[in-house]
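Q: Please take a close look at the aromatic pair in this structure and at the sheet around it. Which residues form the pair, and how is each of them placed?

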Amino acid sequence: MAKKQGKRKTVGLVSEESGHRHYYTVKNTQNTPDKLQLRKYDPVLRKHVLYVETKKSLGRNEVKPRKG
């Protein structure tokens, strides 16, 4: 059984400089409705850069409505 998270949502963090997604975190959407921006270590560039929030799945597992 999956644990019910309620108002918390899992998000991925993408590096602005390299475009790689290395980090995942959960955030409370009621307290922080804006996108997260965190300064974290990028192992590809080997320095600290700004990471911005995106969806966890990036659209791969979403069901799209049929046309017509």
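A: Residues count as buried under 20% relative accessible area, as exposed over 50%, and as partly exposed in between (1.4 Å probe, protein chains only). Tyr23, at 24% relative accessibility, is therefore partly exposed, whereas Tyr51, at 0%, is buried.

The model is predicted, so local features need pLDDT of at least 70 and side-chain atom pairs count only at pLDDT 80 or more, while totals for chains, interfaces and linings use all residues. Residues are numbered from 1 along each chain as its sequence is written, and side-chain values use heavy atoms, with hydrogens and water left out.

A search of the whole structure finds one aromatic pair. Its members are Tyr23 and Tyr51, whose ring centres are 5.2 Å apart and whose planes stand at 80 degrees, so the pair is edge-to-face. Rings of Phe, Tyr and Trp (its six-membered ring) pair if their centres lie within 6.5 Å; planes under 30 degrees apart are stacked, over 60 edge-to-face, and the rest tilted. Because Tyr23 belongs to strand E2 and Tyr51 to strand E4, the contact ties together parts that are 28 residues apart in sequence. Strands are DSSP runs (E, at least two residues), numbered from the N terminus.

The charged end of Lys40 sits over the ring of Tyr23, 4.7 Å from its centre; this requires NZ of Lys or CZ of Arg within 6 Å of the ring centre and within 35 degrees of the ring normal.

As for the sheet, four strands form an open, antiparallel arrangement in the order E2-E1-E4-E3, where pairing requires at least two DSSP bridges between two strands. Strands E2 (21-28) and E3 (37-42) are the edges, each pairing on one side only. Strand E1 (residues 8-15) pairs with strand E4 (residues 47-55) over five bridges, and Val14 stands opposite Val52 in E4.
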